[in-house]
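Dear colleague,

Please find below the structure we discussed, together with its sequence.

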Amino acid sequence: MGKFQVIDHPLIQHKLTIIRDKNSGTKVFREVVDEIAMLMAYEISRDLPVEEVEIETPMVRSVQKQLSGKKVAIIPILRAGLGMVDGILQLIPAAKVGHVGLYRDEETLEPHEYFVKLPDDIASRQLLVVDPMLATGGSAAMAIEALKKRGASNIKFVCLVAAPEGVKVLQEAHPDVDIYTAALDEKLNEQGYIVPGLGDAGDRLFGTK
């Protein structure tokens with residue numbers, strides 16, 4: 001089973017409270033989602049491989065460490081996942097960005113793929129699939145399936161708020177994928193929204209209803 005980690009650093013908890021507040025408007029919501037994504041990226045990138053390189057400091061020649069091996073790609077699930085991309089790019093500016101678009105059938109509630117555009121070399125990259133909410137887990141599981149069909153194997157899923165039901169669905173569908181969240185919330189309500197949650201992340205990011 002992949003790793004499941006709640007990144008509950010005090011700065012992340014504080015910022016999460018700001019975006020949970022229904023009185024936080026679009027501008028604040030968007031900025032703080034970015035900040036949380038950046039803080040989470042610091043922790044998620046902890047196990048990136050490093051290699052030794054010889055450089056010259058102003059004083060001496062010296063062997064130091066730099067990132068090596070697998071490069072990173074960020075894959076937001078459209079559209080709310082877009083809100084987390086810039087924050088991660090601030091820490092990992094060389095990362096490539098792919099996109100997976102899903103829509104939900106209003107009758108069956110099943111997700112369907114409508115847009116997938118990825119870097120050519122995803123098979124050799126560490127992929128960070130990002131979406132603010134892990135609610136039912138259906139969209140996340142399908143997005144990851146779409147990536148695996150196209151050759152990806154090294155995948156982490158990153159969200160801000162997760163429901164226990166969604167974590168279970170994603171772990172069962174993709175036991176090889178590590179899941180990182182800033183908070184594990186109480187439950188899903190009848191409408192499939194996370195409680196206490198933060199409402200509809202897409203609407204709050206983009207000012208739509």
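A search of the whole structure, which is a predicted model, finds 15 salt bridges.

One of them joins the side chains of D203 and R79, with an N to O distance of 2.8 Å. D203 belongs to helix α6 (residues 201-206), while R79 sits in the loop between β4 (71-78) and α3 (85-91), so this pair ties together parts that are 124 residues apart in sequence. D203 counts as buried at 16% relative accessibility, whereas R79, at 35%, counts as partly exposed.

A salt bridge also connects D178 with K156, whose closest N and O atoms are 4.0 Å apart. Because D178 lies in strand β11 and K156 in strand β10 (residues 155-162), the pair ties together parts that are 22 residues apart in sequence. D178 is buried at 17% relative accessibility, and K156 is buried with a relative accessible area of 3%. Together with D47, K156 and D178 are linked in a network of salt bridges.

Within helix α5, E172 and K168 are four residues apart, which means a separation of about one helical turn. Their side chains meet in a salt bridge at 3.2 Å, N to O. E172 counts as exposed at 56% relative accessibility, and K168 counts as exposed at 51%.

Finally, H174 is located in the loop between α5 (164-173) and β11 (178-184). H174 counts as buried, because its relative accessibility of 3% is under 20%. Apart from its neighbours within four places in sequence, H174 is in contact with A141, I144, E145 and K148.

Kind regards

Definitions and conventions. Residues are numbered from 1 along each chain as its sequence is written. This is a predicted model: local features need pLDDT of at least 70, side-chain atom pairs count only at pLDDT 80 or more; totals for chains, interfaces and linings use all residues. Side-chain values use heavy atoms; hydrogens and water are left out. Helices (H or I, at least four residues) and strands (E, at least two) are DSSP runs, numbered from the N terminus. Buried means under 20% relative accessible area, exposed over 50%, partly exposed in between (1.4 Å probe, protein chains only). Contact means heavy atoms within 4.5 Å.
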